[in-house]
Amino acid sequence: SMASTAAQHNKSLQQEPLSPYLDLICDHRSTMKNWAGVFGGSVVTPRVFESSSFIAGSLTTDFLAAAGIPDYEDFVQLPRANAQISHTGITVMDHVNDVLARDHTYLNKEDLSRLRQFVYRNLVEPFFNSPRYSQPDYVWRYYDRAFADSNEWVRQEYFPGRPTLFNPKT
């Protein structure tokens, strides 16, 4: 999802080890402690993002049920947004972004953004979505090692019944 978002908004994907952006996202112990410090530890109830465990296969429905919203089944489901795209889709958007960066003297910033979104929504998203992009293995391995202690703390604190916080990446 981060790669798809970066591609559609002409942002660089910071996925290299020691990236401050990914470090912030991946240090779950720090996140839990920050949220507990703001909201109080007793009201922070983290959940592991596993689409296979979502109620009705929907993140929205699962969230509404977890939040105790009555009649959550009656909510209208919105179409999925920001779906992950393939490595080829990201490459296509990188080329589109390169062209738009070089030859856009006749377009203002808003028009560039609209054109970029049009190409993404009508060309890339529908036709370049499989197989989904995945970070290179060396990045996964690095972050698994770098945040092993953080993940284990979160597992022990919030998910003691799980053997690991996240399912191993195959």
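Contact, in this briefing, means heavy atoms within 4.5 Å. The structure is a predicted model, in which local features need pLDDT of at least 70 and side-chain atom pairs count only at pLDDT 80 or more, while totals for chains, interfaces and linings use all residues. Residues are numbered from 1 along each chain as its sequence is written, and side-chain values use heavy atoms, with hydrogens and water left out. Leaving aside its neighbours within four places in sequence, Ile-90 is in contact with Ala-3, Ser-4, Ala-7, Ile-85 and Tyr-133.

**Fold and confidence**

- The chain has eight helices and zero strands, where helices (H or I, at least four residues) and strands (E, at least two) are DSSP runs numbered from the N terminus.
- Along its principal axes the C-alpha trace spans about 55 × 45 × 35 Å, and among contacts between residues at least 6 apart in sequence, 69% join residues at least 24 apart.
- The mean pLDDT (the predictor's confidence in each residue, from 0 to 100) is 84 for the chain, with 91% of its residues at 70 or more.
- Confidence is lowest in helix α1 (residues 2-8), at a mean of 76, and highest in helix α8 (residues 148-158), at 94.
- Where pLDDT is low, the predicted coordinates should not be read in detail.

**Surface and charge**

- Of the 170 residues, 28% count as buried, a term that stands for under 20% relative accessible area, whereas exposed stands for over 50% and partly exposed for values in between (1.4 Å probe, protein chains only).
- The chain exposes about 11700 Å², of which carbon and sulfur atoms supply 57%; such areas come from the Shrake-Rupley method with a 1.4 Å probe, and for residues only the protein chains shown count as cover.
- There are 16 positive and 19 negative side chains, and the centres of the two sets lie 3 Å apart; Lys and Arg count as positive and Asp and Glu as negative, with His and the chain ends not counted, and the place of each charge is NZ of Lys, CZ of Arg, CG of Asp or CD of Glu.

**Nonpolar cores**

- The largest nonpolar core has 13 residues, and those with the most contacts inside it are Ile-85, Ile-90, Met-93, Val-96, Tyr-120 and Val-124; such a core is a set of buried Ala, Val, Leu, Ile, Met, Phe, Trp, Tyr and Cys residues joined through side-chain atoms within 4.5 Å.
- Two or more residues of this core come from each of α1, α5 (87-102) and α6 (109-127).
- A second, separate core of six residues includes Met-32, Val-44, Val-154 and Phe-159.

**Loop between α6 and α7**

- Pro-131 lies in the loop between α6 and α7 (137-146), and the peptide bond that joins Ser-130 to Pro-131 is cis, with omega near -10 degrees.
- Phe-128 is found in the loop between α6 and α7 and, at 23% relative accessibility, counts as partly exposed.
- Apart from neighbours within four places in sequence, Phe-128 is in contact with Ile-85, Ser-86, Thr-88, Gly-89, Val-92 and Leu-123.

- Ala-56, in the loop between α3 (28-39) and α4 (59-66), has a phi near 55 degrees, a positive value in a residue other than glycine, and is exposed, with a relative accessible area of 70%.
- Most residues other than glycine have a negative phi, and most peptide bonds are trans.
- Thr-61, in helix α4, is buried, with a relative accessible area of 7%; beyond its neighbours within four places in sequence, Thr-61 is in contact with Ile-55, Ala-56, Tyr-72 and Gln-77.
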